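Hi there,

Here is the structure I promised to pass on to you.

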Amino acid sequence: LVTAQGFPLAHQVFKGNMFEGHTMLTVLEDFQARYGAEKPVIVGDAAMLSQSNLRTLEDKGYYYIVGARLANAKATFIEALCNILPKNDGASIRMPYQSASCDVICTYSEARYRKDKRDFNKQIEKANRLIARQEPGKRAKFVKKKRDDSHAYFFDEELKQKTEQLLGIKGYCTNLPESLHSNEQVVSHYHELWRIEQAFRMSKTDLKARPIFHYAHDAIKAHVLLCFMALMISKFLEIKTGLSVQCIRDILWNVHEAHIEDTFTGKRITLQTNLEEYHASGLADILKPH
């Protein structure tokens, strides 16, 4: 769990064979039991917030925002959406999401349309090449297997039509009433997911939290706790200085200190080098001893 600035608040460790979709509610309830915070709005990707999780969140009185899988929606829903949503950059609409007890907010972006269109054309070209060779390919879109022949493939025109209709459109599911959060606020909150992704990325790369060379559960938890504390310190320095962890580490590692001792008098002199960047970064004021 992190704040809006990305500062870590809490963590929990689960066994590796546990599905991540079953961990979220445990973390939320434990955090509220310990700190008594009011119920937060849950923001997550579609993989974490399954339909089962969403129903449980609603039953427990939580609001949520989650990415909508519009490609899996019915053709009639997609057609209705495309007829209502203006194809103007930044346009948005809110409408009931199929049979779910939530709304879907859909936005249209010209930049997203250009990117989606490029990917769309590449996927069509790839599918046509594979079909010409009668090969399924790996993760090939628009290539469908014939029911009566397990070794024959054809172009999926229905999927192509649905995909083409959704070019430039992004959907967000939420049970937040519009009176509490506008469409723009919901979308803005969802885009803050990169804070969590950044925390994971920092843990894996800058702090090298993985791989874990421990087997006992207590040792694993201790390792993760140390990494979590390092993440807190790193993020604190990031927020205070505006520098990345990599940049902070490079500045600190570039500072050298030499101790020279006069063997006759016993006097010791300390020399430090490469301090200009260290002082200019603001790290000297934050890390000075108290």
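Predicted model: local features only at pLDDT ≥ 70, side-chain atom pairs only at ≥ 80, totals over all residues.

Residues are numbered from 1 along each chain as its sequence is written, and side-chain values use heavy atoms, with hydrogens and water left out.

Cysteines

How many disulfides does the structure hold? There are zero, a disulfide being a pair of cysteine sulfur atoms within 2.5 Å. Take Cys106: the closest cysteine sulfur, in Cys173, is 8.2 Å from its own sulfur, which is too far for a bond. Cys173 is in no disulfide either, with the sulfur of Cys102 as its nearest cysteine sulfur, 4.4 Å away. Cys106 is buried at 0% relative accessible area, and Cys173 is buried too, at 5%. (Buried means under 20% relative accessible area, exposed over 50% and partly exposed in between, using a 1.4 Å probe and protein chains only.)

Asn183

Asn183 belongs to helix H6, residues 183-191. (Helices are DSSP runs of H or I with at least four residues, numbered from the N terminus.) Asn183 is buried, with a relative accessible area of 10%. Its side chain makes a polar contact with the side chain of Arg94 at 3.0 Å. (A polar contact is a pair of N or O atoms within 3.5 Å; within protein, one must be able to donate a hydrogen and the other to accept it, and residues adjacent in sequence count only if both atoms are side-chain atoms.) Setting aside neighbours within four places in sequence, Asn183 is in contact (heavy atoms within 4.5 Å) with residues including Ser92, Ile105 and Glu178.

Thr241

Thr241 is found in helix H8, which covers residues 217-241. The Thr241 side chain reaches the backbone nitrogen of Leu243 at 3.2 Å. Beyond neighbours within four places in sequence, Thr241 is in contact with Ile248, Ser281, Leu283 and Ile286.

I hope this helps you find your way around!

Best wishes

Terms used. Helix = DSSP H or I, 4+ residues; strand = E, 2+ residues; numbered from the N terminus.
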